[in-house]
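Biologist: I would like a close look at a single part of this protein. Please take me through it step by step.

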Amino acid sequence: MELIPESTNLMDYLEELDVVNFSHHLIQKKMNELFHEGQSEMEKAKIAFEFVRDEISHSWDIQSTRVTCKASEVLYYKEGICYAKSNLLAALLRSQGIPTGFCYQRLMLFDTPEKGYCIHALNAIFLKTLNKWIRLDARGNKKGIDAQFSIDEEKLAFTPQKEFDERDYPIIYAKPHPKTIAVLEEHTDALEMYKNHLPEYL
């Protein structure tokens with residue numbers, strides 16, 4: 001699938017946003033722990049990705065009711081659903097001058113169509129050394145999910161099954177989709193939100 005940037009201006013993918021708040025002191029502290037001047041953009045991208053994938057728990061995996069949204073909240077509580085985790089990864093990478101956008105998939109919420117569908121969030125980053133966008137999914141690995149940092153062949157958490165009406169959306173958004181932020185802002189119980197209120201379509 002060919003990825004389609006929403007904007008041709010890479011600066012749009014470096015902007016600080018309310019939910020991608022990389023000036024926050026917690027994000028700044030973590031930046032100083034993770035990154036140093038001697039690292040390449042590739043090294044920084046891999047370090048940030050693996051940190052968010054491995055050190056920030058997915059709310060559903062740990063059965064937590066806490067809802068996080070802003071990058072700083074996700075870092076403070078070390079948990080969030082995919083929408084929240086993608087905000088944190090974007091904050092870390094944008095802080096380092098690495099253009100980072102938001103991508104989405106439509107997936108079955110659980111294992112059969114009857115149990116409903118959801119929109120899943122991941123990130124796309126632009127690597128200047130390769131002059132291309134690559135997608136990364138930091139939702140967190142577990143049995144059956146093995147997302148990796150890969151510049152050649154995508155190694156995402158999920159591969160949409162078209163026969164079950166799952167799909168990839170090709171657009172790389174400069175800002176998180178409003179539907180994903182709205183659901184985080186409107187709910188206080190992450191488990192109930194996850195089971196019953198995630199958007200099914202963009």
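Biologist: In which helix does asparagine 87 lie?

Modeller: Keep in mind that this is a predicted model. Asparagine 87 lies in helix 4. That helix runs over residues 82-95.

The relative accessible area of asparagine 87 is 0%. Buried means under 20%, so asparagine 87 counts as buried.

The side chain of asparagine 87 reaches the backbone oxygen of cysteine 69. The distance is 2.9 Å.

Next, the surroundings. Set aside the neighbours within four places in sequence. Asparagine 87 is then in contact with Val19, Val20, Cys69, Ala71, Phe102, Pro176 and Ile181.

The structure holds one cavity of 30 Å³ or more. The largest cavity has a volume of about 40 Å³. Helix 4 supplies at least two residues of its lining, and so does strand 5 (117-127). The lining residues are Cys82, Lys85, Ser86, Ala121, Leu122, Asn123, Asp137, Ala138 and Arg139. By class, four are nonpolar, two are polar and three are charged.

Last, the wider setting. An unreviewed UniProt entry annotates residues 36-138 as "domain: Transglutaminase-like". In the model, this span is 35% helix and 28% strand.

Methods. Residues are numbered from 1 along each chain as its sequence is written. This is a predicted model: local features need pLDDT of at least 70, side-chain atom pairs count only at pLDDT 80 or more; totals for chains, interfaces and linings use all residues. Side-chain values use heavy atoms; hydrogens and water are left out. On a 1 Å grid over the protein atoms alone, a cavity is a set of points where a 1.4 Å probe fits but cannot get out, and a pocket is an open set with protein on both sides within 12 Å along at least five of seven lines; lining residues have an atom within 4 Å of a point. Grid points are joined across faces, edges and corners, and a volume is the space filled by probe spheres set on the points. Helices (H or I, at least four residues) and strands (E, at least two) are DSSP runs, numbered from the N terminus. Ala, Val, Leu, Ile, Met, Phe, Trp, Tyr, Cys and Pro count as nonpolar, Asp, Glu, Lys and Arg as charged, and the others, Gly among them, as polar. UniProt positions are given in the numbering used here, feature names are shortened, and annotations may be inferred rather than shown by experiment. Buried means under 20% relative accessible area, exposed over 50%, partly exposed in between (1.4 Å probe, protein chains only). A polar contact is a pair of N or O atoms within 3.5 Å; within protein, one must be able to donate a hydrogen and the other to accept it, and residues adjacent in sequence count only if both atoms are side-chain atoms. Contact means heavy atoms within 4.5 Å.
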